[in-house]
Amino acid sequence: MIPKETQSRPNVIPRYHCTNCGASLQKGGFTVGDSKLEQWKFCPICGERIEWELVIPVQWKPTDCAICGKTLISTVLGYPVADVDYIGSDVCAKCQMEYCTETNCLKCEIGQYPDCEHTRLKQIALREKEAGSLGKA
């Protein structure tokens, strides 16, 4: 079994999952405190042999916001780096917040209400909007 590598941002440690049962896998090979984490050879759930040497790493490419054009992922010294406004898509956090404040969640075509991944952004944007309007009064 060849594990699937996922990574939420280019500058975050990748995670691995069994392609057979979906279980989280420990790549190992690094030290935490005084103990060294060993690399697992078999999936702890389904027992499939893990072929670490065949893992396909996540490939990051430079990305700009599809709305405002802000650089979200760039290459610095040969390594991909994500901007603070990168939220896992080709839209920056600020543009997503603006969209969320102007859109009824039930009519949104981006997220899946009620389990939308952008709920936190909408709450922040609404608090900022409320605080801004209270400060002007």
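Aspartate 83 is a partly exposed residue, at 24% relative accessibility; partly exposed is the range between buried (under 20% relative accessible area) and exposed (over 50%), using a 1.4 Å probe and protein chains only. Keep in mind that this is a predicted model, where local features need pLDDT of at least 70 and side-chain atom pairs count only at pLDDT 80 or more, while totals for chains, interfaces and linings use all residues. Residues are numbered from 1 along each chain as its sequence is written, and side-chain values use heavy atoms, with hydrogens and water left out.

So who does aspartate 83 pair with? Its side chain meets that of lysine 70 in a salt bridge, 3.2 Å from N to O. A salt bridge here means a side-chain nitrogen of Lys or Arg within 4 Å of a carboxyl oxygen of Asp or Glu. The two partners sit 13 residues apart: lysine 70 in the loop between β6 (63-64) and β7 (71-76), aspartate 83 in the loop between β8 (79-82) and α1 (93-102). Those labels come from DSSP runs, numbered from the N terminus: helices are H or I with at least four residues, strands are E with at least two.

Lysine 70, itself partly exposed at 28%, also forms a salt bridge with aspartate 85, at 2.5 Å from N to O. Because aspartate 85 lies in the β8–α1 loop and lysine 70 in the β6–β7 loop, this pair ties together parts 15 residues apart in sequence.

Aspartate 85 is buried, with a relative accessible area of 9%. Its other partner is lysine 94, with the closest N and O atoms 4.0 Å apart. Lysine 94 is exposed, at 56%. Through shared partners, the salt bridges join Lys70, Asp83, Asp85 and Lys94 into one network.
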